[in-house]
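Subject: Structure handover, with notes on salt bridges

Hello,

Here is the structure I promised to pass on. Please have a look, then read the notes below it.

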Amino acid sequence: MIDPKLIREDLEGLRRLIEKRNMTGVVDIDYLKEISDMRKELSGRSDELREKRNRISKEIGIRKSKGGDTEEIMKEVQGISDELKKMDEEINSINEKYNELHLTIPNILDESVPEGKDEKDNTVVRTWGEKRKFSFTPRPHYDIGTEMNILDFERGTKIAAARFYVYRGLAARLERALLNFMLDLHTGEHGYTEIFGPLIVNDESMTATGQYPKFKDEYYRLEKDGLSLIPTAEVTLTNLYRDEILEMEDLPVYVTMQSSCFRREAGAAGRDTRGLVRVHQFQKVELVKFVDPATSSEELEKLTANAEEVLKRLDLHYRVVLLSSGDTSASSSKTYDIEVWMPGLDRYLEVSSCSNFIDYQARRAMIRYRESKGAKPKYLHTLNGSGLAAGRTLAAVIENYQKGDGTMDIPDVLKSYLR
RNA sequence: GGAGAAUUGUCCGAGUGGUCUAUGGAGGCGGUCUUGAAAACCGUUGAGCUAACUGCUCCGGGGGUUCGAAUCCCUCAUUCUCCGCCA
C-alpha cells in the first residue's frame, strides 16, 4: 500500500509509475482518484450529521435527568439515524472499492531501478566465481539424481501430483545439511534470530505481505478454514509484528526461518517442467528485516550479501541481477535476484530474490515504530530475501559437483553436516 | 468436539442505557524538594481520519435494538477452566 496522500496530491507521478512498471490497463488510476474524492466528500458529510446527532442526544439526556420535556427535541433527531445508516452503507461500499483499488497500486520504485519492460532489461551488477569446467558434458540434475536414485520424480507424481518429487538418501540428507548450514551461517555470523512459526496463515497475513488479494490463484487456500499454505516464510516472518508499534531501540530486527513453501504455479504450465526448478513444494531459508527507513537501502545491500555468502561458501558461481522496472514485483521498491550457474541446464537460475519493500508492506500490515519516546508512530521499512531456496540450491550442487561417473563430490562446507 | 467464564488504553482494573471527550492504580515522561538518589507532592501520558477544529471514529471483530450503547440482543474470533480426543 502506498501513501494515500499520493493519490490526492500526485496523480501524475502515480501514472508515470504505473507506466514504468508496464501496468497500464491493470490499474485504473483515474477511477481510484474519483472514488477517493467521493469517499472524502461523503465521510465529511456523515461526520457533520453524526456531530448533530451526538449533540442532540446528549441534550436529551441532560433534559431527562432534569425532568424536562424532550418530545420536541426528539422529533428533530428522529430521521437522522436512518439517514446516517443509509449514508454509512454507501460509505462502506465505497470504502471497499477504494481499499480494493488501493491494494492493487504497486510500490514506488527506487531511483536506481533501470527502466525496462521485462527481464530482458534487467542489469547484471556483479558476478562471483567462474563457470566450472568439466572434462565431460555436464548433465542436468534430474538426470544425475534419477540415475543415482536420490531424486524420484515418478513417485512424487504418484503420491501427489505433477511437480512433486521424492528425495531418497543423499539428496534428503544434502538438503537437510544445506538448510542447517544456511541457518547456522545467518544466525551465527549475520545476526539473525531463528524463528519457527505457522506454515498455514490467515487472509490478513497473506494480504499484509501482498499475496492477497491480487494473486489468489497462485496459492493453496484451505477454504473450509479460511487459511492458506504459505508460499514463503516471508509471510510468517513479516506478520510477526503486524499491528504492532516497535521502539527505535528494537531496530533493526533481523529474523530468519526455514520452512516448506507451497505454490500452485498456476500459469506456469509447460515452463520448467522437469526437475527441481519449478515445483509445488520446496524448502527455503528466508531472511526478513524490520528497519529504520533511513537505513533501508544499505540494509538491502547487506541482506543481499548475506544471501550471496551461502553460494560463496558452497563455491558456486553466481551473478547478481538488478531487476528492471517492468520485472520488479508490485510490492517491491527494488529487487536483486541472485542467480546460480547451472552447468547441466546451461543457464543461470534464480535462487534468491532480495527486496526492499520500503513502507509498502508496513502500511498494509500496520507495522510502525517510534523514533523516540512519545513520538508519533511511523511506518518502518521491511526487507526480505531468500537465503536460499534449498531445492534449487541442491540442484545447483548436484550439477556443479557431478563427476561424470555417476557420482558426485560434496561441498567442503557441508561435510561436517553429513557425518 | 461439549459445558462454563472471560475479552476495556503500555499493564492491572472500575464501569451493566444518558454530560464516558472511560473512575482508579502501576509503569513511563516532565517538574518541585534534595549535594545526588529514593520517598512525597504536582503535572503529563493510546491510535486513526481531517487543511484544521471546542469535529468524527475506535472499550476483541461484524451486525442489530435505541433519540442515545463499553453497558441490551445476535453472531464470529480468541483466551482460561473442566470434560472428550490426540503426536
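A salt bridge here is a side-chain nitrogen of Lys or Arg within 4 Å of a carboxyl oxygen of Asp or Glu. By that rule, Glu265, Asp272, Arg278 and Arg347 are linked in a network of salt bridges. Keep in mind that this is a predicted model.

How many salt bridges does the rule give? The count comes to 30. Some background: side chains of opposite charge can pair when their charged atoms come close.

Arg55 and Glu51. Their side chains form a salt bridge, at 3.1 Å from N to O. Both sit in helix H3 (residues 29–65), and because they are four residues apart there, about one helical turn separates them. Arg55 is partly exposed, at 48% relative accessibility. Glu51 is partly exposed too, at 42%.

Glu309 and Arg313. This salt bridge has an N to O distance of 2.8 Å. The helix is H10 (residues 296–314), where Glu309 and Arg313 lie four residues apart, so about one helical turn lies between them. Is Glu309 buried or partly exposed? Glu309 has a relative accessible area of 21%, so it counts as partly exposed; buried would mean under 20%. Arg313 is partly exposed as well, with 31%.

Asp243 and Arg242. Their side chains meet in a salt bridge at 3.8 Å, N to O. The cut-off is within 4 Å. Asp243 counts as exposed because its relative accessibility is 56%, and exposed means over 50%.

Best wishes

Conventions: Residues numbered from 1 in each chain as written. Chains lettered and ligands numbered in written order. Predicted model: local features only at pLDDT ≥ 70, side-chain atom pairs only at ≥ 80, totals over all residues. Heavy atoms only, no water. Helix = DSSP H or I, 4+ residues; strand = E, 2+ residues; numbered from the N terminus. Buried < 20%, exposed > 50% of the residue type's maximum accessible area, 1.4 Å probe, protein only.
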